[in-house]
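Hi there,

Here is the structure I promised to pass on. Have a look at it first, and my notes follow below.

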Amino acid sequence: MNALLGVFASAVLPVVAIAAAGFLLGRARNVEPGPLNTVTVYVLAPALVFHSLATSTLAAGTLARVAVGVVAFTLAMAAVAEGVGRLSGTEEPLLSALLLVAVFSNSGNLGIPVSNFAFGETGRSTAVLFLSVQAVLMYTVGVYVASRSGGASGLDGVKRVVRLPLVYAVAGALLARAAGVVPPAEAASMEAVGLVGDSAIPVMLIVLGLQLARTDYAAAVSKAGTGAALKLLVAPAVGLAVAHLVGFSDPTVARVFVLETAMPAAITPVILVAEFAGNRDLDGITVPEYVSTVVLVTTLLSIPLLTVLIVALQAGVLI
């Protein structure tokens with residue numbers, strides 16, 4: 001019990017407290033999260049990604065294994081969610097929504113801070129890489145899944161990737177590392193990038209709280225069970241299996257990888273289904289309402305589950 005309380009206080013409580021501040025602000029004042037989210041996506045997160053990858057002590061082989069692991073996890077969870085959805089009789093457009101919430105984790109707003117608090121610098125670097133690979137998949141595979149029931153072209157995802165600063169931050173950091181031209185950590189340029197990147201973590205959590213405060217979930221709670229179970233119970237098991245198959249040489253990287261797969265449902269699919277799947281009413285709820293509800297339910301339920309998982313991972317019980 002002391003171990004659980006210690007992990008909760010050191011790794012989970014700071015994250016929950018900052019997100020709760022955003023939630024309370026969103027409830028008390030009509031604060032639009034869009035501008036903050038835009039700043040995060042186009043300035044803060046790219047700086048965080050570039051600085052973390054450029055200065056990371058992770059070996060090149062480890063970086064490649066994390067990327068392969070994220071792709072393998074995404075494909076495996078997509079297959080599982082598709083199968084469960086069809087066997088349970090879930091029809092479009094909720095079937096596509098189920099895939100999106102089951103596959104994509106909140107590896108940015110929640111995953112990076114939790115990994116950072118739980119596993120330090122290695123946790124942060126691994127989480128940033130997980131986020132970077134998942135972002136590319138979300139705006140390609142994710143857009144295709146969201147659009148297949150709404151009539152929009154999945155090729156729009158390619159255009160989104162081209163405009164996504166995270167992609168260029170990843171490419172720039174990896175190229176700089178390969179060419180050996182990364183400035184010293186104490187250089188003014190790297191300190192400036194690091195300062196901007198560090199601000200991404202609290203802002204991400206504030207945005208998460210603001211977005212959750214705007215979620216109208218009453219009508220869709222009864223339909224969120226399958227998606228929540230896939231995201232919080234099945235996804236970590238699949239992530240653990242993938243981690244063992246990939247064979248990470250660094251056990252901390254493997255543990256952070258599993259932790260990232262156990263994060264609650266990502267918020268970006270709410271945007272994807274609203275744009276590509278439309279607002280069709282199905283049994284009294286729309287697809288965006290369903291996705292928003294699963295995001296909220298999995299975020300709340302993940303607090304105790306992540307605490308227990310972190311204890312098990314830190315103890316080396318699972319990997």
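**What I found**

Gln211 counts as buried, because its relative accessibility is 18% (buried means under 20% relative accessible area, with a 1.4 Å probe and protein chains only). Please keep in mind that this is a predicted model, where local features need pLDDT of at least 70, side-chain atom pairs count only at pLDDT 80 or more, and totals for chains, interfaces and linings use all residues. Residues are numbered from 1 along each chain as its sequence is written, and side-chain values use heavy atoms, leaving out hydrogens and water.

Gln211 sits in helix α9, residues 200-213 (helices are DSSP runs of H or I with at least four residues, numbered from the N terminus). Leaving aside residues up to four places away in sequence, Gln211 touches Pro33, Asn37, Asn109 and Ile267 (contact means heavy atoms within 4.5 Å). Of these, Asn37 is 174 residues from Gln211 in sequence, with 9.7 Å between their C-alpha atoms.

Next, a helix pair. Helix α4 (residues 94-103) packs against helix α5 (residues 111-147) at about 165 degrees, and their axes are 9 Å apart (axes are lines fitted to C-alpha atoms over the stretch in contact, and angles run from 0 to 180 degrees between N-to-C directions). That makes α4 roughly antiparallel to α5 (angles over 145 degrees count as such). Ser96, Leu99, Leu100 and Val103 of α4 meet Gln134, Gly142, Val145 and Ala146 of α5.

Finally, Val291 touches Ala97, Val101, Pro269, Val270 and Val273, again not counting residues up to four places away in sequence.

Best wishes

Technical notes:
Helices (H or I, at least four residues) and strands (E, at least two) are DSSP runs, numbered from the N terminus. Angles under 35 degrees count as roughly parallel, over 145 as roughly antiparallel, 65 to 115 as roughly perpendicular and the rest as oblique. Buried means under 20% relative accessible area, exposed over 50%, partly exposed in between (1.4 Å probe, protein chains only).
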